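Subject: A structure for you to look through

Hello,

I am passing on a structure that is new to you, and my notes on it follow below. Please open it beside this email and read along.

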Amino acid sequence: MSKQVRAIHPVYNFLPTEIDGFDSLAELALDLRSSWNHATDEVWRRLDSELWEMTQNPWVVLQTVSREQIEHVLDDAEFRKTIDALISVRRQTAEQPAWFQQSYPSSPLTCAAYFSMEFMLSEALPIYSGGLGNVAGDQLKAASDLGVPMVAVGLLYQQGYFRQTIDKNGTQQALYPYNDPGQLPITPLREAGGEWLRLNIDLPGYSVWLRAWQAQVGRVKLYLLDSNDAANFPEHRGITSELYGGGPELRLKQELILGIGGWRLLTALGIQPEVCHLNEGHAAFAVLERARCFMQETGQPFEIALAVTQAGNLFTTHTAVAAGFDRFAPNLIVQYLSGYAQKGLGISADELLALGRKNPRDASESFNMAYLAIHGSGAVNGVSRLHGKVSRRIFEPLFPNWPEDDVPIGHVTNGVHMPSWDSASADELWTQACGKNRWLGTNETLASEIRGVSDEQLWRLRIDATHTLVDYARKRLSRQLAASGSSPNEVEAAKHLFDPNSLTLGFARRFATYKRPNLLLHDPARLIQLLTNPERPVQLIIAGKAHPADKAGQDLIRQWIDFTRDPIARHHVIFLSDYDMLLTEQLVQGVDVWINTPRRPWEASGTSGMKILVNGGINLSELDGWWAEAYTPEVGWAIGDGQEHDDESTWDKVEADQLYDLLEQEVIPEFYERDDHEIPSKWLSRMRASMSQLTPRFSAVRTVREYTEQHYLRAAAAYHERVAYNGAMGTSIVNWKHSLREKWGSLKFGNLSVQSTESEHLFEVQVDLDGLDPSFVRVELYADASNADEVNPDTAFRQAMTRVESPNDGSLDDGSPSQATGWASYRGSVNATRPTTDFTPRIVPTHVGVAVPLELGLICWQR
């Protein structure tokens with residue numbers, strides 16, 4: 001049961017709470033469900049249409065408008081009726097059984113705690129940078145829609161991620177506007193007596209006070225910690241100042257607050273999650289604090305506490321290169337965590353450092369947060385099928401002597417929250433075809449239902465979307481140019497750029513070299529020729545930020561700015577600055593083709609291209625991330641050959657040529673090829689295939705269902721089993737590990753014999769376990785996937801061998817000197833479809849409910 005703690009408003013006392021009906025407005029304004037369910041939009045537009053259009057922040061609108069305006073609209077009987085109906089629907093939605101309650105009425109899962117460094121929920125709450133926050137925010141929204149019992153934990157940044165401007169020289173400038181908590185749709189968490197809920201965390205030589213806030217995301221509560229407490233020294237108030245800013249020491253402090261402080265906050269609230277979902281390794285310290293809390297409750301030592309609690313921890317990695325993980329110098333970890341390790345966990349600093357290292361004995365090796373997350377979790381996953389494979393390769397050194405196929409990292413491919421990204425016109429079309437509850441369940445019928453939409457309806461959707469985008473781009477660009485000091489003539493010209501009837505391409509991303517945002521600029525002359533064909537004109541919208549410390553990324557932005565200033569190109573290409581959630585919405589709703597050009601396999605998943613699916617846009621992308629599993633010729637276009645290439649410059653030219661060829665020979669002609677009714681039927685066929693086949697597949701609804709069914713439910717059941725009887729199963733697991741480690745070096749294979757027939761191979765091998773309990777291990781035949789059958793081409797072969805007890809305590813009938821007491825024979829047969837040389841016996845640990853090799857990486861091969 002959760003503790004009696006309230007999230008109350010107002011933050012300040014000047015709000016007109018005495019006005020009848022104001023509390024209902026505040027309840028609606030503080031629920032971020034309005035960011036994807038737009039039923040309340042007219043309410044805020046009625047209060048102040050201009051401010052609403054500029055901010056999309058109901059809480060700002062409600063605080064900014066006058067008392068008289070609030071009283072005026074609430075005096076309108078029809079308006080009050082609308083408010084009452086919205087409140088009623090909100091409360092009914094929160095209480096009625098959803099997919100989870102209907103599907104799992106007796107579930108072991110009562111709460112999953114989702115930890116993330118950033119959350120992209122609404123432009124009204126700017127605590128995000130990009131893809132990681134996008135995934136986190138969309139999954140919270142989908143969890144709310146599906147009724148998955150979830151809370152989330154993050155940080156409240158005083159400045160958030162930087163805001164971008166482009167100066168006269170085409171150079172990116174970073175701005176850091178202050179996030180006034182009173183202007184954000186959040187409320188302070190207060191104790192039952194009214195005291196603000198605050199936590200105190202010890203850092204070396206001082207302590208830091210953390211304030212707690214709450215954001216309401218439909219059914220899901222997001223708890224946010226910040227260090228901007230008046231009781232802290234000025235330096236410490238700025239720990240949560242900025243997302244991904246500062247140096248390693250500031251990052252470490254933030255991650256200590258997120259992981260350790262975040263778990264303590266849940267404890268203070270009386271929330272006891274079965275599942276702790278780490279969205280990337282930033283929050284990995286939560287696994288330590290969770291174990292510490294179990295130690296405190298039960299008196300068990302750290303080793304047993306970790307064995308118990310890790311069953312309920314899930315780690316999702318989003319990084320496609322080993323260099324992308326947060327690493328900290330050993331002396332920094334010792335400085336900040338040695339006291340916590342010794343006093344809180346009862347282990348030495350060296351033992352703590354070992355949890356974040358590949359080689360525990362290497363004192364010079366840095367502390368890797370992803371390694372800590374892996375060592376403390378019961379399951380690990382990547383965010384696309386290809387990324388799962390890449391992650392197995394990256395983390396293979398953590399599992400020495402295990403084949404890459406056995407590295408215990410699966411995948412759950414990302415999806416996006418479709419109601420957050422669809423346009424009003426797209427929402428109406430999908431509602432007519434599939435019903436208003438289409439994103440609240442299994443999506444099983446969506447593909448067939450959306451295929452029934454006529455060409456005329458689909459084309460009208462695209463015409464309206466492009467007109468809306470062009471209007472928005474003109475306004476935004478003109479404001480952008482005026483702010484940068486451009487001439488009045490340039491500002492005025494921007495208001496007339498682009499043609500809503502032309503093919504519109506979009507490219508928007510974080511500007512980093514591996515994303516190759518300038519692949520389209522590989523041959524500027526060819527690009528200009530492609531854009532300026534008078535019979536088939538093309539227009540291109542570019543957007544994106546480069547990290548303030550990434551000079552190479554900033555140079556790529558400057559190249560695009562220079563290109564847009566070309567007298568010919570400027571009529572066909574624009575760069576929109578300050579890429580944020582509002583701009584993303586407009587782009588994904590309006591572009592005809594979304595271009596993505598990362599260098600394979602560095603795009604772990606990518607989600608921007610998924611957002612256009614619901615709006616009828618089509619993808620043209622590198623075969624990387626999600627597109628590597630989504631692409632078929634009828635749903636879009638692809639560049640690359642599905643392989644990795646070392647010669648980057650040479651291959652960049654090859655793929656740039658592929659990109660130009662596709663645009664010139666397929667994309668542009670298909671868009672402009674019209675029938676007698678001026679409808680591009682081939683284009684609409686591709687558009688329909690993309691919408692019907694891909695939208696349900698790459699929806700966050702599907703993603704969250706997979707997390708729930710493949711991970712949360714299993715983790716909750718495993719956690720309940722391990723925590724029972726004061727962690728008795730954890731004690732058993734630890735004893736099992738000790739026995740195996742003690743004996744493992746003395747395990748031996750003896751003779752191996754094979755008898756073959758036309759249909760099968762029969763293997764028999766002698767094994768000496770040196771007195772180890774045979775139930776502690778599994779002897780099996782293994783064959784890698786390189787020669788696998790056509791049915792399972794990517795799956796390695798693993799088959800348990802059967803122990804054959806002999807009447808002579810395991811000695812064999814031939815009585816040979818090598819077969820002394822202690823040896824046993826193991827047999828196994830396999831189909832004769834592969835040569836016997838493909839198969840190798842091996843010994844691996846086994847224990848009911850234990851994930852091997854994740855929890856114990858021992859392995860012994862027959863040589």
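N401 counts as exposed, because its relative accessibility is 54% (exposed means over 50% relative accessible area, buried under 20%, and partly exposed in between, with a 1.4 Å probe and protein chains only). You will find N401 in the loop between α16 and β15. Its phi is near 75°, a positive value in a residue other than glycine.

Before going on, a word on what you are looking at: this is a predicted model, in which local features need pLDDT of at least 70 and side-chain atom pairs count only at pLDDT 80 or more, while totals for chains, interfaces and linings use all residues. Residues are numbered from 1 along each chain as its sequence is written, and side-chain values use heavy atoms, with hydrogens and water left out.

The predictor's confidence in each residue is given as pLDDT, from 0 to 100. The chain averages 93, and 95% of the residues score at least 70. Two stretches to treat with care are residues 788-792, where pLDDT stays under 50, and residues 807-819, where it is below 50. The model has 3 contacts beyond four places in sequence for residues 788-792, and 15 contacts beyond near neighbours in sequence for residues 807-819; contact here means heavy atoms within 4.5 Å. Where pLDDT is low, the predicted coordinates should not be read in detail.

Back to the loops. Y244 is another residue that is not a glycine but has a positive phi, here about 60°. Its loop runs between α9 (234-237) and α10 (248-268). Is Y244 buried or exposed? Y244 is buried, at a relative accessible area of 14%.

Y176 sits in the loop between β5 (172-175) and β6 (187-191), and with 31% relative accessibility it counts as partly exposed. From C-alpha to C-alpha, Y176 and F162 are 5.1 Å apart in space, although 14 residues separate them in sequence. Leaving aside neighbours within four places in sequence, Y176 is in contact with Q159, F162, E242 and P548.

There are also cis peptide bonds to look at. One joins R600 and P601, with omega about 5°; P601 belongs to the loop between β19 (593-596) and α25 (608-611). Another joins V852 and P853, with omega about 10°, and P853 is in the loop between β28 (840-845) and β29 (860-861).

Now for the helices and strands, which are DSSP runs numbered from the N terminus (helices are H or I with at least four residues, strands E with at least two). Helix α16 (residues 385-395) is mostly covered, with 8 of its 11 residues buried. The buried residues are L386, H387, G388, V390, S391, R392, I394 and F395. They pack against α15 (369-375), β14 (379-382), β15 (410-411) and α26 (627-630).

Helix α27 (residues 648-672) packs with helix α22 (residues 524-531) at an angle of about 10°, and their axes are 11 Å apart. (Axes are lines fitted to C-alpha atoms, for helices over the stretch in contact, and angles run from 0 to 180 degrees between N-to-C directions.) α22 and α27 are therefore roughly parallel; that label covers angles under 35 degrees, while over 145 is roughly antiparallel, 65 to 115 roughly perpendicular and the rest oblique. R526, L527 and L530 in α22 meet D657, Y660, D661, L663, E664 and I668 in α27.

What about α27 and helix α28 (residues 681-694)? Their axes come within 6 Å and cross at roughly 110°, which makes α27 roughly perpendicular to α28. Here V667, E670 and F671 in α27 meet K682, W683 and R686 in α28.

Not counting residues up to four places away in sequence, W560 touches F511, P517, N518, L520, L521, L527, L540, I542, V573 and F575. Q480, in helix α20 (residues 455-483), is buried with a relative accessible area of 16%. Beyond residues up to four places away in sequence, Q480 touches F575, L576 and S577.

Enjoy looking around!

Best wishes
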